[in-house]
Amino acid sequence: MATAPVRDRSTIMVLNGPNLNLLGRRQPEIYGTDTLADIEKLVAVTAAPHGLRTDCRQSNHEGQLIDWVHEAREHHAAVIINPAGYSHTSVALRDALATCDGLPIVEVHISNIHQRETFRHHSYVSALANGVIAGCGVQGYAFAVERVAALLAAAKA
């Protein structure tokens with residue numbers, strides 16, 4: 001008989017999609033000069049006072065992100081995701097996130113996708129997210145951690 005997975009109620013999965021490994025070097029006029037490592041430090045520091053940890057991952061591959069969402073639904077307290085270009089194209093990533101019943105999901109975009117090209121205005125992820133943060137630069141990740149912490153605290157109450 002299979003045992004039920006054990007969910008770590010104190011770890012947030014932070015997923016970053018394609019090209020975000022190039023932060024700090026790619027289009028700094030849009031994305032700023034902070035690196036992915038800077039974001040990983042920011043979310044860890046923001047999570048710690050709430051008794052939370054972060055598990056940060058980045059991939060340029062859609063299937064890898066989907067596999068990590070599947071892992072998060074079984075083992076993590078919440079998901080913060082910047083799907084990057086997959087926001088606008090990936091029904092498969094959206095469907096994976098839809099399996100995360102009850103798991104808080106917050107979508108983050110460094111730039112304001114609504115001020116950019118029209119094709120970026122729609123995200124398949126947004127309808128599933130408990131919150132969407134766009135246009136706040138890397139600070140949006142800290143906002144996302146704060147929101148997840150509030151959602152987790154409310155669920156405990």
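Trainee: So a pocket is an open set of points on a 1 Å grid, with protein on both sides within 12 Å along at least five of seven lines. What volume does the largest pocket have?

Mentor: Its volume is about 270 Å³. Keep in mind that we're looking at a predicted model.

Trainee: How many residues line the largest pocket, and which lie nearest its centre?

Mentor: The lining has 16 residues, and Arg9, Leu152, Ala153, Ala155 and Lys156 are the ones nearest the centre.

Trainee: And how do the lining residues divide into nonpolar, polar and charged?

Mentor: For the largest pocket you get 9 nonpolar, 4 polar and 3 charged residues.

Trainee: Okay, new topic. How many residues are in the largest nonpolar core?

Mentor: There are 25 residues in that core. Ile12, Leu23, Ile39, Ile80, Ile110, Tyr141 and Val148 have the most contacts inside it.

Trainee: What lies apart from it?

Mentor: Another core, made of 18 residues, with Val69, Ala72, Ala96 and Ile105 among them. As a general point, nonpolar side chains in soluble globular proteins tend to be buried together.

Trainee: Why does Asn82 count as buried?

Mentor: Because its relative accessible area is 3%, and buried means under 20%.

Trainee: What does the side chain of Asn82 reach?

Mentor: It reaches the backbone nitrogen of Ala84 at 2.9 Å. The Asn82 side chain also makes a polar contact with the side chain of Tyr141, at 3.1 Å.

Trainee: And which residues is Asn82 in contact with, leaving aside neighbours within four places in sequence?

Mentor: The list includes Leu15, Asn16, Gly17 and Leu20, along with Val108, His109, Ile110 and Tyr141.

Trainee: Loops next. What is the phi of Asn19?

Mentor: Asn19 has a positive phi of about 75°, although it is not a glycine. You'll find Asn19 in the loop between β1 and α1 (28–31).

Trainee: What about Gln27?

Mentor: Gln27 is not a glycine either, and has a positive phi of about 45°. Its place is in the loop between β1 and α1.

Trainee: How does Gln27 count at 32% relative accessibility?

Mentor: Gln27 counts as partly exposed. Asn19 counts as partly exposed too, at 35% relative accessibility.

Trainee: One more: where does His61 lie?

Mentor: His61 lies in the loop between β2 (53–58) and α3 (62–75), and it is exposed, with a relative accessible area of 55%.

Trainee: What separates the C-alpha atoms of His61 and Glu71?

Mentor: They are separated by 16 Å, with the two residues 10 residues apart along the chain.

Technical notes:
Residues numbered from 1 in each chain as written. Predicted model: local features only at pLDDT ≥ 70, side-chain atom pairs only at ≥ 80, totals over all residues. Heavy atoms only, no water. Buried < 20%, exposed > 50% of the residue type's maximum accessible area, 1.4 Å probe, protein only. Polar contact = N/O pair within 3.5 Å; in protein donor to acceptor, adjacent residues only side chain to side chain. Contact = heavy atoms within 4.5 Å. Core = buried A, V, L, I, M, F, W, Y, C linked by side-chain atoms within 4.5 Å. 1 Å grid on protein atoms, 1.4 Å probe; cavity = no way out; pocket = protein on both sides within 12 Å on 5 of 7 lines; lining within 4 Å. Points joined across faces, edges and corners; volume = space filled by probe spheres on them. Nonpolar A, V, L, I, M, F, W, Y, C, P; charged D, E, K, R; others polar. Helix = DSSP H or I, 4+ residues; strand = E, 2+ residues; numbered from the N terminus.
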